Amino acid sequence: MLALPTAPAPAPRRQLFVGTALVLAGATALVGGLLALFLRFRSATIDAGESWMPEDYKFSMVAANVMLISLLPICIFAQWAVYSAKRDDRTHTGLALGLTGLMGLAFVNAQAFIYATTAMPIALGTYSVLFYAVTGVSLALAIVGVVFCGVTAFRYLGGRTTDREIVSAHAMYWYAYSAVFAVVWFVVYVTK
Amino acid sequence: MTTIDTHATSAAPSGAGLASVADWVTTTDHKKIGRLYIGASALAAIGAIVVAGLLAFERTDATGTALPIESLTQLFSIYRFGLTYVVLLPLIVGIALCVVPLQVGARSVAFPRLAATGFWAWFVGSVTAIVSIAANGGPNGGNTRFVDLFMLSAAVAILGVLATVVSLATSILTTRAPGMNMRRVPWFTWSVLVMSLTLLVALPILIGDLLVVYLAHKYPSTSELSGNRAIGEWAEFGFTQPTTLLFLIPAFGFFAETVATATRRRLTPRGTIFAAVGLVGTAVYAAAVQAPVIIRAGFSGLSGSAKVSDLLPFAFVHVLPLLGAFLALALTAQGLKHKPGLNAALAFGLFAALLAVLGAAGNALYHIGDAGLMGTTFEEGTWLAVVYAGVIAGMGAVAHWGPKLWGRSVPTKAVLPLGLLAFAGAALASLPMMIAGFADQPGGVFPVIEPGVPGAVQFEYSGPSELWNFLSLAGHAIVLVSVLAYLALAIRSFAKGDAAGDDPWDGQTLEWATTSPAPEHNFAQLHVVQSPEPLLDLKPSNRSDA
């Protein structure tokens, strides 16, 4: 029979971290594809001499800007959680994850506020369809981030304090999401 | 050094009746999840090829319709969606899920529950999508609610496959055996990694487009995104080439794997073949642009800058994948000069790679405006070459790796003629469609069959086109016969055939270092890998090229 040298089980190779990175690559492609459609139709509409954004509907730029700004503390808190977890500081890790989740909920709330105050029907036309598709997917990704934060907190605070990889993967999720949302913010809310 | 003769307990006993069903439904064993994918897509293949045959039969007589005209649009949708997302993609992903963790020496796949969830999401989504098309939904259906349901369920099915793909790619990147760096991964594993990474870019874009057209369809307005036509227009890229070529990338890895095994030598040049397989992945640009990339008709009359603006994207989207496919085939085939032994999987691998190159070449030609092929059945011919290449690769892969899944093997001499038959059928199904395209037979990814309606495909043609359609019908029939015969042979062999032995093909990679069938956790011990062909290192008689 065949004889190969054997070895003890190798140290974990950041499986969750890599998996999260791959999911983020897919999420980025999803939002990127939607933004490409948004810009394509925007360009065609403007070239035809028509107005792209319906004039009867205005959304709150304050809320949109707050969403962008809130991602900065989210990233800081997520990194704080990583820093604390590496030092086995459960209290600060819990606090950092809690604040991340709270800010994430505030982010979701701001998007809901924009939907409620704009009150734009989906059936208005191409703009509204693409607006809701882009911002809806972005919102869904933010909700996934909040759920991820909750899972991370439950796992870590539930006693699996050696499982620091999930805390790192969680932080990476928010970094990547922040980059994605910054582009969404610029294209949908600033460029319009 | 440890002798690998463990014959550790094979897969956990499944029990009987409901317990067995529950075991399969809740399993997180990658080999079982992979077999679920393979089994479901094999069943779907029979149905989809029957539909393909019906449509080919319908087109043998251009002046009348044998099938109810109102059902043709739906049948074309089932044909396209079914063969692409219910047969080709899940078959390849299922085989990869069975084999890749074994090849990289891992005890399990990464995120096994994600892989299992992915299978069930794909399964439910696919069944719902097919049912919704049959209920007058689908891309060109008349029932609004079922059209909406089709888009949602298609998105769910694709999302499910993506979940499994994440699991696969993570396994390759993180669970390789000690010493197995990326240059030492097996051929098939490398090709699966390329496929996985490209699908992670391409398929989310398709899901996004399905979401947009769903919203526009569900909430109708004057938007150009509303209405059925938008579905075909914006989601079309996901159902044709070169996107479908991405699904077939593992066929090149499988071919290389079989050449190395059959010749009992190290296949070289390793880096160049890896690069060639990677080059096929540049087809992902097609998804990024979400529209056909063409060289406009009247190209010679265009200005210099206009020519460049046509040629550059065309080269990226169509020429590079073709070049990669051709190089992967040609460089791998170089290994055949070392007189391979009789190996059924090798024949299947060669046939699949040949058809893939045919499909890639046809795809490049189709997108040249001056060839005058756009809107014809030429596209269908190239797509069929790719889809049937995937089916043939799947048949070969099951014959090759079947011992690791079932502990028994399919007899080589019985399965070899079926491979030849399937290849002949695939060529006969696809090539006449391409020729009919030169004769301007109208086609389309999701054609609307509405006599007298402007813009709809009329299927009014005459002359030799009827002959080409008849030949294509014969091709589908031959493929169907070969698939059915293969399934019967495989089921009988895997259930009652001879025990295969742990290394029946004199393999080179780690999957052949464990028992047949592989135990639940694949390996009794983790192996250290010191070359790309760890088992070949242990077989001095085979080291003539070492």
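Start where the two chains meet: 34 residues of chain A and 42 residues of chain B make up the contact. Bear in mind as you click around that this is a predicted model.

Stay on the chain A side first. Select β1 (3-4), β2 (6-7), α1 (15-47) and α4 (126-157) of chain A, the elements that each give two or more residues to the side touching chain B. Which of them gives the largest share? That's α1(A), with 13 residues.

Next, zoom in on β2(A) and bring up strand β2 of chain B, residues 526-527. The two strands run antiparallel, and two bridges join them. To see who faces whom, pick A:Ala7; standing opposite is B:Leu526, in β2(B).

Now hop over to chain B and select helix α5, residues 144-174, where you'll find B:Leu159. Is B:Leu159 buried, exposed or partly exposed? Count the other C-beta atoms within 10 Å and you get 17. A buried residue would need 20 or more and an exposed one 12 or fewer, so B:Leu159 comes out as partly exposed.

What does B:Leu159 touch, once you skip residues up to four places away in sequence? Show B:Ala121 and B:Ile207: those are its contacts.

For a last stop, draw a distance from the C-alpha atom of B:Leu159 to that of B:Met433. The pair sits 274 residues apart along the chain, and the separation comes to 31 Å.

How values were computed: Residues are numbered from 1 along each chain as its sequence is written. Chains are lettered from A and ligands numbered from 1 in the order in which they are written. This is a predicted model: local features need pLDDT of at least 70, side-chain atom pairs count only at pLDDT 80 or more; totals for chains, interfaces and linings use all residues. Helices (H or I, at least four residues) and strands (E, at least two) are DSSP runs, numbered from the N terminus. Two residues are in contact if their C-beta atoms, placed from the backbone, lie within 7 Å. Two strands pair if DSSP finds at least two bridges between them.
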